[in-house]
Amino acid sequence: MGFIQERRVPANGLDMFIAEAGVKGAPLVLCLHGFPECWASWRYQLPVLAQSGYHAVAPDLRGYGETRGAATVEDCRLSRLAGDVVALIDALGAERAVLVGHDWGCALAWEVARTYPERVTAVVGLSVPYGGPSPRAPTEAMRELFGDHFFYMLYFQQAEVPERELGEDVRYSLRALFHNLSAEGMANFQVAPDDSGVLDSMRVPARPSRWMREEDLDYYVARFEKTGFTGALNWYRAMDASWEESRADDNWTIPAPVLFLGGMQDPVLMFSQKALARMPDYVPNLNTVVLDQCGHWIQMEQAAEVNREMLAFLAEAAPPGVDHPEP
């Protein structure tokens with residue numbers, strides 16, 4: 001992984017595993033991964049951020065990889081996960097940070113920027129638009145929308161069943177998920193009416209993709225073979241509890257400058273068009289870029305494009321070598 005260094009940091013009751021590049025004391029950029037990932041999803045971003053004058057840090061988040069600590073459904077509420085991020089900022093000796101998040105890490109970045117605005121300089125959100133408050137519990141809305149049709153987030157609510165499916169052959173599962181939700185895979189991917197598992201309609205390519213080499217996949221496989229999938233899946237199982245917790249909140253605006261990056265072939269973005277349309281109502285300082293020929297794994301599939309857009313945005317919103325005031 002080049003000059004990326006790895007170490008452990010105590011934060012919010014976790015023994016958090018982080019990868020980092022750049023000079024400590026430079027403006028902090030925290031990169032938050034999604035499912036089913038780990039810090040290595042940012043392997044194309046950390047060196048570039050470091051070379052541009054930032055202290056770039058990517059943790060294995062609660063329930064993932066080499067980070068040790070409780071990851072029950074209760075522990076995976078967004079309020080607790082946001083506390084993990086703030087505690088990590090403290091542990092790294094920073095007053096505030098730029099948050100770069102993808103997938104669940106993007107949802108987490110929105111939560112931190114909303115509830116701890118004084119700790120966030122700017123946000124780069126990938127794949128998951130911020131739509132503000134929801135009038136109904138997430139699973140209730142999903143059941144109404146999808147009815148009897150298969151939807152992976154509802155499938156993940158079950159205890160043990162998705163763990164058994166994904167854990168039966170971890171390499172196959174990860175290869176299928178990474179391929180089928182990419183731009184290449186989405187060209188031929190369609191959920192079948194009789195699907196009962198998340199992998200049922202997925203196919204595995206004969207050759208690895210250019211952005212997920214065999215040695216890259218080996219790294220993910222080793223982590224999930226060690227931890228299993230329960231901690232990661234509990235983020236989905238905590239969705240309704242997170243919603244219930246936030247129902248009384250009256251401030252849903254994100255004051256920090258925001259760059260949102262999406263992939264035109266990303267099924268998550270296709271599913272989230274209403275949230276994307278609502279974003280300007282809750283994010284007054286918003287820049288949006290949608291990349292063509294790009295699926296869900298945007299920071300890997302289109303690493304050069306993501307890096308270019310991110311650095312151009314940060315040059316204005318959080319330039320290196322500048323003492324960033326509170327938003």
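Predicted model: local features only at pLDDT ≥ 70, side-chain atom pairs only at ≥ 80, totals over all residues.
Residues are numbered from 1 along each chain as its sequence is written, and side-chain values use heavy atoms, with hydrogens and water left out.

Now the strands. S6 and S7 (residues 258-263) pair in the parallel sense over four bridges; two strands pair if DSSP finds at least two bridges between them. Helices (H or I, at least four residues) and strands (E, at least two) are DSSP runs, numbered from the N terminus.

S6 also has strand S5 (residues 97-102) as a parallel partner, joined by six bridges. There, His 102 stands opposite Leu 126.

So how enclosed is S6? Strand S6 (residues 120-126) is largely enclosed by the rest of the structure, because seven of its seven residues are buried, meaning under 20% relative accessible area with a 1.4 Å probe, protein chains only.

A cavity is a set of points, on a 1 Å grid over the protein atoms alone, where a 1.4 Å probe fits but cannot get out, and lining residues have an atom within 4 Å of a point. The largest cavity holds about 90 Å³, the volume being the space filled by probe spheres set on the points. Its lining includes Trp 211 and Met 212, and helix H7 (residues 170-180) gives the most to that lining, with three residues.

Definitions and conventions
1 Å grid on protein atoms, 1.4 Å probe; cavity = no way out; pocket = protein on both sides within 12 Å on 5 of 7 lines; lining within 4 Å. Buried < 20%, exposed > 50% of the residue type's maximum accessible area, 1.4 Å probe, protein only.
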